[in-house]
Amino acid sequence: IKVITNEFNQGYTKSVNKAINYAGSDDILLLNSDTIVSFDWLFQLKITAYSSTDVGTVTPMSNNAGAFSFPVIHVDNIIDNKKPIETLIKSILLHTFRNPYISLPTSNGFCMYIRRDLINKIGVFDDKLFPRGYGEENHFCMRAIKAGYQNLICPHAYILHTKTASFQGEKKVLVEQGYNTLLKEFPSYPIKVKKAFNSDAMNKLRSDVHRAFQD
């Protein structure tokens, strides 16, 4: 493990780009500090990433990650403390292991696997348009699609996320600024998101996770 520190706060996106460049030819995993991972999660993300030559990014399911929240979208799906977290996650994955990978317009930076092939093709995150965070991964993923790559959700990995621990006071402003910047270059983004996250495949995946929560 190599820990890299900055002498001063360079902003989220520049820090991520610094790490990406330091990693040389390796693939990249972005993982927020406010997450709890489970068994073989990274293995499943990598399998998904290499399921096809045109896969650029992969994101797992989560209890609290916006559009990647399961079973209910855009809410914190409260975990029952009466049963071990690992027990619930095993139940979820037993319900979802037959579900296919789903192609989406974006990944989510809370946990995002990025193939080095994609970085070599389109470069790193745009730290000039998104210096502080919020919107940089959406912009990156739309650039990936433009270059012929896919962004997949992995139905075989589920990671817990606190979500609100980052940029607590500034979040609303940063989200709005990032979204407006994204739309200037990719005005079709909202339509693509609405269609993809309401597809039959996504609805079935949410239904399967819901059954696991009811067990």
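Student: What share of the contacts with a separation of 6 or more comes from residues 24 or more positions apart?
Tutor: In this predicted model, residues 24 or more positions apart account for 80% of those contacts. A contact here means heavy atoms within 4.5 Å.

Student: What is the chain built from, and in which order?
Tutor: Eight helices and six strands. Walk along the sequence and you get α-β-β-α-β-α-β-β-α-α-β-α-α-α.

Student: Why is the chain called as compact as a globular protein of its length?
Tutor: Set the value against the rule: the globule rule gives 17 Å for 215 residues, and the radius of gyration is 17 Å, so the chain is as compact as a globular protein of that length. The C-alpha atoms fill a box of roughly 45 × 35 × 35 Å along the principal axes.

Student: How much of the chain counts as buried?
Tutor: 47% of the 215 residues. To be counted, a residue needs under 20% relative accessible area.

Student: How do you know that the span of helix α3 agrees with its 12 residues?
Tutor: Helix α3 covers residues 85-96, and at 1.5 Å a residue it should span 16 Å; the end C-alpha atoms are 17 Å apart, which agrees.

Student: Which residues of α3 are buried, and what covers them?
Tutor: L88, I89, S91, I92, L93 and T96 are the buried ones. Their cover includes β3 (55-62), β6 (150-161) and α8 (200-214).

Student: Which residues have the most contacts inside the largest nonpolar core?
Tutor: M61 and Y158, in a core of 38 residues. Elements giving two or more residues to this core include α2 (41-49), β3, α3 and α8. The largest share, seven residues, is from β6. As for Y158, leaving aside neighbours within four places in sequence, its contacts include M61, F70, I89, I92, L93, V209 and F213. There's also a second, separate core of 14 residues, with M112, L118, I122 and A144 among them.

Student: What makes R143 a buried residue without a salt bridge?
Tutor: A salt bridge needs a side-chain nitrogen of Lys or Arg within 4 Å of a carboxyl oxygen of Asp or Glu. For R143, the nearest side chain of opposite charge is D126, 5.7 Å away. That puts R143 down as buried with no salt bridge.

Student: Where is R143, and what is it in contact with?
Tutor: R143 sits in helix α5, residues 136-146. Beyond its neighbours within four places in sequence, R143 is in contact with I122, G123, V124, F125, D126 and F186.

Conventions. Residues numbered from 1 in each chain as written. Predicted model: local features only at pLDDT ≥ 70, side-chain atom pairs only at ≥ 80, totals over all residues. Heavy atoms only, no water. Helix = DSSP H or I, 4+ residues; strand = E, 2+ residues; numbered from the N terminus. Expected span 1.5 Å × (residues − 1). Buried < 20%, exposed > 50% of the residue type's maximum accessible area, 1.4 Å probe, protein only. Core = buried A, V, L, I, M, F, W, Y, C linked by side-chain atoms within 4.5 Å. Lys, Arg positive; Asp, Glu negative; His and termini not counted. Rg over C-alpha atoms; globule rule 2.2 N^0.38 Å.
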